[in-house]
Amino acid sequence: MKKIKKDVVGLIIGAGGALALSASAEFGPVANEEDQFRGIWDFEQKAYEEIRDTGFNLFLGAPCLAETNQKMVKDKAGYVIQLRFAAAEDLRKKYPRYNRDGSKDERTMDWTEPGCLDELRERVKGAAKSQLNNPAFFGMQPVSEVGLFTRPSFSPRHQAAWKAVSGNDIPSQAFGREAPCWTRLKDLPADRLIDDTYNPYAYYRWFWTQDDGINPYIEMAVDEFESAFGRKMFTMTDPATRHPPAWGMGGKVSHINDWQVCYTFPFQHSYLISKMQSMARGRPGQKVLTIVQGIFGRRDSSPVGEEPSGVPATAWHKDRPNAAWITPPPDMMREAFWSAFARQTDGVLVHGWDCIWDGSKYGRSKEGEGYQFTNPQTKRMISKLFHEVAIPLGPLFKRAEERAPVVGLMETLPSALLSGAAPYNWKSGFDCHRAGVVATAANLAPYTLYDEEILQGIPPSVKVILAPEAFVLTKRVAAKLKEFQARGGKILARSDFAPGMAADGALPPTRYESREFSEYAAFTNRNFNAHAKDAALRLAAAEFKAEVGRYIDLYADSDNPYILAYARVAGTSADLVFAYNTKRDYGDYLGPWKRILDHGVPAAGTVTVGRKAGAVYDLVKHAEAKFEVKSGRIQIPVSWPTTDGSVFLVTEKPLADLSITAADGGDGVTVTVTTPDRDMLIPIEVKVGGMRAQSGVVANGIWKRTFKSGDVGSGGKVEVVSLATGRKTTAESGRREHVFFVGAHPDDSEGFAGTAFLLKDKYQIHFVDLTRGENGLGLQGRLDGSTAKIRVAEETEACKLLGAMPHFLCEINGDCHASAKAAAEFEALMLQYRPRAVFTHWPVDRHSDHVQCAAVVLAVYGKLFKEKSLWWDPEHYFFEVLPGQTLQYPPLYSVDLTKTMDCKVELLRKYDSQNKGDWLVKAKLDLAQKRGVQRSPTVKYAETFSTWNGKRIVGGVLESLAETALMDNNLKFDVL
């Protein structure tokens, strides 16, 4: 394998199904293009199967090794390369930024320098070219984390550029990425309502949105890759909140992403998604992903070197003593997942594989100071949550839209820029983010409003706007806010609200980050109490709810402050209602350090929804749920033993049964699911033949999909389960299952043809020949191709009698080997048709070609079963050929050929080159008569078959034949 440049450092692969690589699939992560992404960012390729089996279908990590790539291709998976040209050291030195004093700043390159983008373009083109012939390639991540180091460049060229744009010099107060704080601006208007051209604000807005130069690079990288591949491509950038609150910060990528740790309040992921949704609204069609961090900081929970007081250290603490980042507590991470499920995204990712899976099994040292695996329960929790919730309901989670917003939370750009801070990200340290967390805890469903959306028009459904940090506003935004108030909207703000505005009420403090709870939290245990911080958050949420409740009624709410409720649109007459428990206490994992409430505890209550409905369905239990209707509101009792959740489909009337049709189109099965309930989304699970169950959503009364033969196997049975009611509906597609007869030569059907005629009306028969009979005319055999041509023609004519499909592998008659190429060709046929049964030579035989043929079949069986790639359970049988050739053969099944012996004889005579003097027919009649007599004096002709372990296959294809009987044990190891 060629060495991969360090600039290309990652891949994302989808496993557990086929990646939809065509443009029409709209970035589907697996064969089920309706599904959400469930990704792991950063992983060990040796742990591929272990991580995949947990339920992930998207992977980002190290460069793709050949072995991993082969697995991905076989799984019909794909990967996304991550480009790190943005951090290239040579370009940072060649194109530095410049500080105000003229010194170089090489932490990040100046993308806008002449020639820089051209050099980057050539590197991007090279990366794209390296993937052109790779069938597993899916997409690209152009950049990640550059916002951490970006800062203005004060070179003469940049100073001139700003002068040309604005007519002004760069503000004298500007020195780095942080704009001057508004309290230090002497020329700030007394009403703190500024023109868009106000120099300190306008300059930093220009820097962050234009002069930074990152977006032109992103646009170029996306364009180059999509041009090279000629298709729309999955592209992503992160973290979105490494930038101030403004539209377009992700450029033209298809997906923006961000991450959030699970402490202190895991449900804060919900508000982070709201922020990204606001960013994505600036580029219609852009999708949102989110990362639930799979790492947990020791500094904030169980500091290295600090023993818990009064209790012995935990076992993991002794086992991984130097870990800086450990496995998140499972109950906290589960809560975070539920908060993410509740919001509309394209997927939920996780970062830090070696905190979730034990890296020491793959060579990672337990003494390391980085990420360490310290809690096996977390992986089990993720697997259970994914398989019971995220996988079956993923398409519904992806499709169900957010409700029209009622409560907006304003994050205005001038206040963010002129706060005097430009931190590691633009959420930590800002009261806007804290207010979003509190509003989420109050079930207010906060909707993030950026300036651009306010200027376009505040959504008419919004009744209340929360303005936690709005000390400076542009005049244009202020005018729109006054229009909002004039139509009856209410603004709740803090005392530092821009004096040129009048608030309609006071926004209560967020409390939980006040001095008494936060000052010493990170490094010492003094003056810090996790229970007190949690209580402060709940108090703040109650105050928020009381104040906002003066103006609106909450659509979804609960009577327990620890139970969060969130509603989304599931059609014009249905809601999708999420409810989850956020109550935690000290556990035995991180609890001994008394910094984190790490253990979920029981909670019960009633969730209410503002509609009068006729039915409620628990989509996790797939059954109707108890409910009452009081004062026009649905009331649903809920309870959980830990930080878990539920999702309900609330409908105006009980759901009707689903109807299905299944049509065999030759290359696949088209399944159509219909229902008279046309005004709602109904989640379903579909299984066709031997494929794994896949999920979908019935919308507008219909769901339709065509499944390819290679995905569904040979079965014609279709099962559809309503994930709301749990009721199952079945149908037959008319599609015949496939049966393989695998022989070494084009005439080896002599061993099974009579039985094949009995099976042909029910099954699609395939003759798979290891060779083309190249050296099979005795002394007249020729290797110039003419012999193979003759025998292939004979096999083709024989197949016509059966309606069978002929296939020829790569080996040479008389010189057969169980080669890797032959095995790969046979494996491809197995995966394409997924046969119900495979018949091949008994492996003890005087003809070496027969032995090698059996070896190929057995090798492929062993490989597929070992790698857990078989999504079906094919039956495996052995047949015999001629007396004196098949040895030590133990017949188990006897098939009566009374009805088909004449057909077998006709077929054998198609092999004219092998049947001189009709000897082949005579030999097979003689063998068939002997086998008939051995079975019963009344059976004139028979064929026999065996299994690898001598045990019957109950209900198999042979036992489905009335002509089949079991042989007596005394005939085992019979030599004819």
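Predicted model: local features only at pLDDT ≥ 70, side-chain atom pairs only at ≥ 80, totals over all residues.
Student: What makes up the chain, in helices and strands?
Tutor: The chain has 25 helices and 49 strands. Its C-alpha atoms fill a box of roughly 115 × 70 × 60 Å along the principal axes.

Student: How many of the 976 residues are buried?
Tutor: Buried residues make up 61% of the 976. The chain exposes about 37200 Å², and carbon and sulfur atoms supply 51% of that area.

Student: Which share of the contacts between residues at least 6 apart joins residues at least 24 apart?
Tutor: That share is 74%.

Student: How are the charges divided?
Tutor: There are 121 positive and 119 negative side chains. The centres of the two sets lie 1 Å apart. A search of the whole structure finds 61 salt bridges.

Student: Why is the pair Lys-366 and Asp-319 called a salt bridge?
Tutor: The closest N and O atoms are 3.5 Å apart. The cut-off is 4 Å between a side-chain nitrogen of Lys or Arg and a carboxyl oxygen of Asp or Glu, so the pair qualifies.

Student: What does the pair Lys-366 and Asp-319 tie together?
Tutor: Lys-366 lies in the loop between α11 and α12, and Asp-319 lies in helix α9, so the pair ties together parts 47 residues apart in sequence. Both residues also belong to a network of salt bridges with Arg-320 and Asp-358.

Student: Why is Lys-366 called partly exposed?
Tutor: Its relative accessible area is 33%. Asp-319, at 32%, is partly exposed by the same test.

Student: What makes Glu-335 and Arg-584 a salt bridge?
Tutor: Their closest N and O atoms are 3.0 Å apart. That is within 4 Å, so the pair counts. Glu-335 lies in helix α10 and Arg-584 in strand β27, so the pair ties together parts 249 residues apart in sequence. Glu-335 is buried, and so is Arg-584.

Student: How do you know that Asp-747 and Arg-791 meet in a salt bridge?
Tutor: The N to O distance is 2.9 Å. The limit is 4 Å, so the pair passes. Asp-747 sits in the loop between β42 and α20, and Arg-791 in helix α21, 44 residues apart.

Student: Why are Asp-747 and Arg-791 called buried?
Tutor: Buried means under 20% relative accessible area. Asp-747 has 9%, so it counts as buried. Arg-791 has 2%, so it counts as buried too.

How values were computed: Residues numbered from 1 in each chain as written. Heavy atoms only, no water. Helix = DSSP H or I, 4+ residues; strand = E, 2+ residues; numbered from the N terminus. Buried < 20%, exposed > 50% of the residue type's maximum accessible area, 1.4 Å probe, protein only. Contact = heavy atoms within 4.5 Å. Areas by Shrake-Rupley, 256 points an atom, 1.4 Å probe, with all protein chains shown as cover. Lys, Arg positive; Asp, Glu negative; His and termini not counted. Charge placed at Lys NZ, Arg CZ, Asp CG, Glu CD.
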